[in-house]
Amino acid sequence: MEQAPPPRSRGTVAMFVALAVTWGASFLFIKIGLEGLTPEQVVWGRLMLGAAALVTVSAITRTPLPRDLGVWGHLLVMALLLCVLPFSLFAWAEQHVSSGIASILNATTPLMTVIVGLVVLPQERLTRDRVAGLLVGFAGVLVVLGVWNLSTGGELGGQLACLGATACYGVGFVYLRRFVAGRNLPALTTATVQVLLGAVVMLVATPFIAAPAPVLTGRVVGAMALLGLAGTGLAYVWNTAIVTRW
């Protein structure tokens, strides 16, 4: 008789599902945010709100921050690879492609992660099953995307920007596994510092991205609140916990 998975495994699967739903919806929130904000302002808003949420939760739960400056350096790299760069690329891309196309292209993230892992991590080996899995995965994305119907010009640029974002995620997730996951940091600590450092980067850039003035309608504010608090706050706690456990 097959045994039920342990509670920890069930919890990880639940987080994985919640993360997929939250990040999937984020592309719609980005599109709505662009109705009143520039791409850079969308990134600024989601990182500021995400950092505020995570710092608040960390303070309430008294979750400690790292004391090792080397860890902060690694988390800064993660902030750039998993927050600032991909957020900027996706926000720019959604000026040229639909949120649906962006979310479909985001499905290449695990494929990018596997490719980077095979190149960078010595314990990863290229096997026949993995090659088959990569080929089937990319083929599936192309079929769902309907690659034969794609146009050129601005739309192609948007599609390439989405793939650039997923490449950043691929590198960032492998970096997380290689340099951070083994340090036994609480998931909340890793997520908080990562998003906080991303917010600091955007705060420094504020004078360069403040114009034109944002148009803050109720629809835009609501979308940004969900994008920041859930898609950039809670989601990064779940993501870090999943990578560490799996």
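Leaving aside its neighbours within four places in sequence, which residues is Thr-113 in contact with?

## Basis of the model

This is a predicted model, in which local features need pLDDT of at least 70 and side-chain atom pairs count only at pLDDT 80 or more, while totals for chains, interfaces and linings use all residues. Residues are numbered from 1 along each chain as its sequence is written, and side-chain values use heavy atoms, with hydrogens and water left out.

Thr-113, which lies in helix α5 (residues 109–120), is in contact with Tyr-169, Gly-170, Phe-173 and Val-174 once neighbours within four places in sequence are set aside; contact means heavy atoms within 4.5 Å. Helices are DSSP runs of H or I with at least four residues, numbered from the N terminus. The C-alpha atom of Thr-113 is separated by 23 Å from that of Ile-30, a residue 83 places away along the chain.

Ser-58 has its place in helix α2 and counts as buried because its relative accessibility is 7%, where buried means under 20% relative accessible area, exposed over 50%, and partly exposed in between (1.4 Å probe, protein chains only). With neighbours within four places in sequence left aside, Ser-58 is in contact with Thr-63, Leu-188 and Thr-192.

Because 13 of the 18 residues of α8 are buried, the helix is largely enclosed by the rest of the structure.

Helix α10 (residues 218–245), with 28 residues, reaches 39 Å from its first C-alpha to its last, close to the 40 Å expected. A bend of about 35° occurs in α10 at Ala-235, the bend being the angle between axes fitted to the seven residues ending there and the seven starting there.

The side chains of Arg-219 and Glu-35 meet in a salt bridge at 2.9 Å, N to O, the criterion being a side-chain nitrogen of Lys or Arg within 4 Å of a carboxyl oxygen of Asp or Glu. This pair links distant parts of the chain, with Arg-219 in helix α10 and Glu-35 184 residues apart from it. Glu-35 counts as partly exposed because its relative accessibility is 47%.

Val-13, found in helix α1 (residues 7–33), is likewise partly exposed, at 43% relative accessibility.

Note on methods:
Helices (H or I, at least four residues) and strands (E, at least two) are DSSP runs, numbered from the N terminus. The expected span of a helix is 1.5 Å times one less than its number of residues.
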